[in-house]
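Good morning, and thank you for joining.

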Amino acid sequence: MRLQVLGCSGGIGQGLRTTALRLDEDVLLDAGTGVGELALEDLARIRHVFLTHAHLDHVASIPLLVDSIFDRIAEPVQVHALPETLEVLRRHVFNWALWPDFTRLPTRARPVLRLLPMRHGEVVELGGRRIEMLPVRHSVPAAGLRIEAGGRVLAFSGDTGPSEAFWEALDAGPALDVLIVECAFPDRDRALAEQAGHYVPRALAADLARLRHRPRILLTHLKPGEEARIVEEVRAALPGRAVEPLRAGSLLHL
């Protein structure tokens with residue numbers, strides 16, 4: 001399993017791209033602005049996109065992706081997401097007003113984009129990789145993802161605040177090698193984080209401390225300009241544990 005970090009920031013700015021992770025050559029986990037880091041020939045290799053939720057920083061590149069590669073692919077790009085997430089894409093993105101409806105282009109029978117519902121607890125198997133959708137708690141319907149391949153296990157929280165269901169699902173599954181987990185705001189912004197459905201360091205550290213696994217911990221979705229503070233606060237609240245920020249451009253080999 002090879003994971004390329006195309007984008008992992010909570011916002012944009014010079015050198016900052018929003019969430020997009022490429023699994024091997026053919027799968028995207030979320031499709032934020034980081035997708036634009038891929039060359040055209042790499043974009044054309046994307047066959048599946050797994051979305052954690054419908055917020056713009058996680059879906060922004062989907063319309064541009066299919067528009068860029070529609071004449072280079074023989075089979076449609078398949079987007080796997082919660083039904084509520086897919087409904088947002090249908091109503092507000094691929095609606096002929098904001099963007100052409102590529103689920104009907106070039107024809108309804110042979111579109112370049114397919115939207116496939118997936119629910120918490122469901123699994124999609126792709127070439128020896130097992131991708132499972134996990135429950136989380138965000139301001140909109142959302143999911144985390146657990147990926148198993150070759151005896152290795154990675155989990156990605158997507159956007160979430162404290163969620164009993166997410167940690168219970170992790171504990172109930174195989175031992176994690178890597179956990180990519182969000183921590184969007186520093187502790188001083190706890191009220192805002194609670195309203196928006198995000199973690200702050202103290203809350204995240206409390207949940208990590210009770211996880212029965214001891215995975216490598218990589219923090220993602222950090223607020224631009226607050227990255228160092230957030231990482232320092234998580235480390236201070238979780239002494240003795242190695243905590244690192246996820247970095248755009250990095251490669252994880254599991």
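A word on conventions. What we have here is a predicted model, in which local features need pLDDT of at least 70 and side-chain atom pairs count only at pLDDT 80 or more, whereas totals for chains, interfaces and linings use all residues. Residues are numbered from 1 along each chain as its sequence is written, and side-chain values use heavy atoms, with hydrogens and water left out.

Let me begin with the cores. By nonpolar core I mean a set of buried Ala, Val, Leu, Ile, Met, Phe, Trp, Tyr and Cys residues joined through side-chain atoms within 4.5 Å. Buried stands for under 20% relative accessible area, exposed for over 50%, and partly exposed for what lies in between, with a 1.4 Å probe and protein chains only. Helices (H or I, at least four residues) and strands (E, at least two) are DSSP runs, numbered from the N terminus.

Which members of the largest nonpolar core touch the most other members? Among its 28 residues, they are Val49, Leu51, Val79, Leu89, Phe94 and Leu113. At least two residues of this core come from each of α3 (62–69), β5 (77–81), α4 (83–92) and β6 (113–117). The greatest contribution is that of α3, with 4 residues. Another core lies apart from this one; it has 27 residues, including Leu3, Leu82, Leu126 and Ala143.

Val49 belongs to strand β4, residues 48–50, and counts as buried because its relative accessibility is 1%. Contact, here, means heavy atoms within 4.5 Å. Setting aside neighbours within four places in sequence, Val49 is in contact with Leu28, Ala31, Leu65, Val77, Gln78, Val79 and His80. As for His80, its C-alpha atom is separated from that of Val49 by 6.1 Å, although the two residues are 31 apart along the chain.

Thr85 is a residue of helix α4. Is Thr85 buried or exposed? With 2% relative accessibility, Thr85 counts as buried. Not counting residues up to four places away in sequence, Thr85 touches Leu51, His53, Ala54 and Pro141.

I turn now to strand β11.

How does β11 pair with other strands? Two strands pair if DSSP finds at least two bridges between them. With β10 (residues 152–156), β11 pairs in the parallel sense over 3 bridges, and Val178 of β11 is the bridge partner of Leu154. Between β10 and β11 the chain passes through helix α5 (residues 164–172), and this β-α-β crossover is right-handed. Right-handed means that, with the strands pointing away from the viewer, the path from the first strand over the helix to the second runs clockwise. As for β12, this strand runs parallel to β11 and is joined to β11 by 5 bridges; Leu219 of β12 is the bridge partner of Val181.

Because its relative accessibility is 13%, Glu226 counts as buried. Leaving aside neighbours within four places in sequence, Glu226 is in contact with Pro186 and Arg188.

Next, the largest pocket. A pocket is an open set of points on a 1 Å grid over the protein atoms alone, where a 1.4 Å probe fits, with protein on both sides within 12 Å along at least five of seven lines; lining residues have an atom within 4 Å of a point. The largest pocket holds about 270 Å³ of space. Of its 16 lining residues, the closest to its centre are Leu222, Glu227, Pro245, Leu246 and Arg247. Helix α8 gives the most to this lining, with 4 residues.

Finally, the backbone. Most residues other than glycine have a negative phi, and most peptide bonds are trans. Asp30, in the loop between β3 (27–29) and α1 (40–43), has a positive phi near 65°, and counts as buried at 0% relative accessibility. Trp96 has a positive phi of about 70°, but is exposed, with a relative accessible area of 53%. The loop between α4 and β6 holds Trp96 and also Pro106. The peptide bond from Leu105 to Pro106 is cis, with omega near 0°.

Terms used: Points joined across faces, edges and corners; volume = space filled by probe spheres on them.
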